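Have the model open in a viewer before reading on.

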Amino acid sequence: MPSSTRLSVRWTAWLCLFISFLGLFSPAFAVKENDFKKCNQSGFCKRNRAYADTAVATGSSWQSPYNVVADSAHFKDGQFQATILKTINDQGETVRLPVTVSFLKNGAARVTVDEEKRQKKDIELRHNSKARKERYNEAEKWVIVGGTALDTEAKLTYEGKSQWTIKYGPSSNLEAVIEFSPFSLDFKRDGASQIKFNDRGLLNMEHWRPKVDKPAPEKKEGEEAKEGETPEEPKGEDESTWWDETFGGNTDSKPRGPESVALDISFVGYDHVYGIPSHTGPLSLKETRGGDGNYADPYRLYNLDVFEYILDSPMTLYGAIPFMQAHRKDSTVGVFWLNSAETWIDITKAKGHTNPLALGIGAKTNTQTHWISESGLLDVFVFLGPTPQDITKTYGELTGTTAMPQEFAIGYHQCRWNYISDDDVKDVDRKMDKFKIPYDVIWLDIEYTDGKKYFTWDPNMFKDPISMGKHLDERGRKLVTIIDPHIKNEEGYHVVSELKSKDLAVKNKDGEIFDGWCWPGSSHWLDAFNPTAISWWASLFKYDAFKGTMENTWIWNDMNEPSVFNGPETTMPKDNLHHGGWEHRDLHNLNGLTFHNATASAVVSRKKGEVRRPFVLTRSFFAGSQRLGAMWTGDNEASWGHLGGSLPMLLSQGISGFPFSGADVGGFFGDPDKDLQTRWYQAGAFYPFFRGHAHIDARRREPYLAGEPYTAIITAALRLRYSLLPAWYTAFYQAHRDGTPIIRPMFYTHPTEEGGFDVDDQLFVGGTGILVKPIVEQGKEETDIFIPDDEVYYDYFTYEVLPTHKGKRVTVSAPLDKIPVLMRGGHIFPRRDKPRRSSALMRWDDYTLVVALDRDGKSAEGELYADDGDSFEFEGGQYIHRKFVLAGGHTLTSVDAEGLEKGSVKEGDWMKEMRKVNVDRVIVVGAPKEWKDKKEVTVEGEDGTWTAEMDYNPAAKGRAAFAVVRKVGARIGGDFRIVF
Ligand SMILES: *[C@@H]1O[C@H](CO)[C@@H](O)[C@H](O)[C@H]1NC(C)=O
Ligand SMILES: *[C@@H]1O[C@H](CO)[C@@H](O)[C@H](O)[C@H]1NC(C)=O
């Protein structure tokens, strides 16, 4: 759903049209960009960039004014603590900044810097503000769920007068060199520098200071809110944005004055950095300080409702994960900047600036980053790898991993703003069946409500929601309804009366309930930071409170950045107040997560004794949101550019710990032509979250409306998704277990293959070896796929062996009815091949195992994970996790992937029922010639030995030989051996 009052957007559009008529600039560009701040319109960003410019201009005589007091330093039980003094003027006055460097058992390190005066609340707020005085120190409470045990084995190995060295890490090969004057840190692995803090001297913690009121100078034309300059301030600091700031007619009162935190972080010898979603643009992040092909603005993280967002831009979007990885051949390292305030990140690459002798042959690139947040603590985690898997695993220990989803949630979702009535929903459902198009969930956008009052139904259009719910349930299908955080301010609406009487809404700067404008008009916002608000919110979702919902109703959270139509940049004023007296400024980027959390908590407690996994989709998110549900990339557009742009965005989500992600298939705004719609379904079949959606002004576009051949092609893509659900579910389990992405970019799967480091238009599905490159250009009938290794690659559909070479591209043909999908040799993956209407109906279907033999024709490996797809019983061992290995070119075995003894888990209902579910077929692609005269194979199961028929198809015309074993009859959950 989009944001801005459509009126004002239309008005600006007309204005722009008019201006472009005058030949000045293009309308599309102007509308979006000018609604949102550039760094130089955001005071603290501008000040810190200026600070960086001064440092560069000063050159080698630049002195960072931050020094550790040597006497204050001590190291104990894996923690270094000291006081940093920041010199604030020529008279040598200082402020005290306590610093802690914690070394963690899992090999991560954490650096935290606070400001003593604010910590002790020894400051004065302006404007009689009731805000908290400390720097925000509760981001951790929402984000960090584990992995913080201290490495008590860490050792202080060098204790000089102004430099200490600490050795740490599981294999004691990591080192942190702490420099005292000025304060800086050098993180090393095996003796070599990887990550440096304050190497360029850009550390900046704007300390508290009283405002010295001077007669305000005349305001100059075009300058905003310039007042209270103190001419005695050294180094000519620009104070114009210290005390208040205005943007787009909204003034921020800034009761605590300037309080930004900034730090330069250099990745030594690394030329690629990834992560910090959500942005459009390439997976390998661009430089941001101008120049050819670079951005002129830093990457911004400030969750906003960005109306019709533009492509290839560092502009902020709906969600933020301040986690970055740096990568080079054979090494990956990373940082996680735990700060929920508005944040900007500058990236520059210094080529050949390092000493080649120190780094090996040839000059290397250092990637230099500059992190700038408006307020809060400086709190950074450092990961030293060395593999991408190490980084995502440790990050997952800290912030949590993807929750195991409801199994239906990885099927296809049919959405539109709006299905207008319960009859409309039933009609779409029947037509999907009529055309034999599988789907699991149908969605209702805001129009289902009675006048945008959540927890109500439009009494004319949705007369009988329970009958609609039951109708869907008969085919195992679900309903998702939207619930947003803005609560209509209308007399007699019970939700708003309770919100007010229980005092659970966000307040304005004066401590009164905040009133803003959103879909319903005048609204108040749930303060989901408040534990009492979370439990009250839960009460609204009980089946007998939210009447019309039932066990197959699930929830969609939109507009939770939060979107406020008449607020600054379409969100809340920064001086609004939340539970605990924190200013909105401090925790803005967590707002979406807390609302998502409140809803997920509500959905799991709808009925006493009902213990099921929640499904809640969110638009806004932060680090940690992966524990709560799925996200989508917001309001995209029905254009080829947006289709192509979705792939790097979702790959970036995956490596940043929040892989359950998708983009609206078909594009939200506008009408896709049929080729585009078809190609989008083909790509969407490989999104972890797969939902078709459309704007209220867009034409109807349910897949059956496309007409032939499109409907058939789209249906084939959907069936492909459904047949691979067991493989997808297994990938979700891996993500849940150790934070691995569900769709994986080349650098992640092949970290030593340099040619793949900037490839972001193709992906591997989990660990299946399935390599996909969706077609994202109009009229394109072939494509080049980058091949990252010298394994054999087969065409997924024809078993053709492709003429591949490591590090080169291979051309594959891809007419409209074909998705370029390859199978990498050496893998085994599970499928369920019987076409059904929904995933629920596939529950007890037999499996097919597809074996793609490696280039020697001898071996392959793979996994299957399955559970009841609904409850938490898997946590008590109620699941099947098999490992399949084909070895020696003749024997396929299935064993428990976790080495569990048979019978070690008492079987519950689901596991008992799964005893009847078998492997039905085994398809071996690249089958050895030696099998050619075989007609049967021996199967050794848990209950005996038998034979199964096999067809062997010899290689022909570039196609690999393949064998199909039918009616295998081995229990999927048990050990078996198939001897070919
Ligand atoms: C602000 O930055 C943008 C680049 O993001 C630049 O185009 C613009 O000229 C700058 N404005 C000022 C006043 O410096
Ligand atoms: C939501 O947050 C609360 C407070 O941090 C926590 O106790 C609860 O487990 C969270 N809910 C979910 C579903 O994670």
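The paragraphs below walk through selected features of this predicted model.

Some conventions come first. The model is predicted, so local features need pLDDT of at least 70 and side-chain atom pairs count only at pLDDT 80 or more, while totals for chains, interfaces and linings use all residues. Residues are numbered from 1 along each chain as its sequence is written, chains are lettered from A and ligands numbered from 1 in the order in which they are written, and side-chain values use heavy atoms, with hydrogens and water left out.

Start with the aromatic rings. A pair of rings is described by the distance of the centres and the angle of the planes. Rings of Phe, Tyr and Trp (its six-membered ring) pair if their centres lie within 6.5 Å; planes under 30 degrees apart count as stacked, over 60 as edge-to-face and the rest as tilted. By this rule there are 58 aromatic pairs. One of them joins W536 and W537, a tilted pair with 6.3 Å centre to centre and 55° between the planes. Both W536 and W537 are buried (under 20% relative accessible area; exposed is over 50% and partly exposed in between, with a 1.4 Å probe and protein chains only).

Y796 and F829 are stacked, at 6.1 Å centre to centre and 15° between the planes. Y796 sits in the loop between β37 (793–795) and β38 (809–813), and F829 in strand β40 (residues 827–831), so the pair ties together parts that are 33 residues apart in sequence. Helices (H or I, at least four residues) and strands (E, at least two) are DSSP runs, numbered from the N terminus. Y796 and F829 are both buried.

Ring pairs also build a cluster from F408, W443, W554, W556, F615, W632, F660, F689 and F732. R691 lies over the face of W556, 4.6 Å from the ring centre. K574 lies over the face of Y302, at 5.0 Å. The criterion has NZ of Lys or CZ of Arg within 6 Å of the ring centre and within 35 degrees of the ring normal.

Next, look at helix α8 (residues 422–434). Its 13 residues reach 18 Å from first C-alpha to last, close to the 18 Å expected at 1.5 Å a residue; the expected span is 1.5 Å times one less than the number of residues. Buried residues in α8 include V425, V428 and M432. The buried residues of α8 pack against β22 (412–414), β23 (441–444) and α9 (465–473), where contact means heavy atoms within 4.5 Å. Just after α8, K436 takes a positive phi of about 55°.

What surrounds ligand 2? The residues are W142, N597, A600, S601 and L628, each with a heavy atom within 4 Å. An oxygen atom of ligand 2 is 2.5 Å from a side-chain N or O atom of N597. A nitrogen atom of ligand 2 is 2.8 Å from a side-chain N or O atom of S601.

Finish with the backbone. Most residues other than glycine have a negative phi, and most peptide bonds are trans. The bond from G385 to P386 is cis, with omega near 10°. P386 lies in the loop between β21 (378–383) and α7 (388–399). W417 and N418 are also joined by a cis peptide bond, with omega about 15°. N418 is in the loop between β22 and α8. H127 is not a glycine, yet has a positive phi of about 55°. H127 counts as partly exposed, at 45% relative accessibility.

Notes. A polar contact is a pair of N or O atoms within 3.5 Å; within protein, one must be able to donate a hydrogen and the other to accept it, and residues adjacent in sequence count only if both atoms are side-chain atoms.
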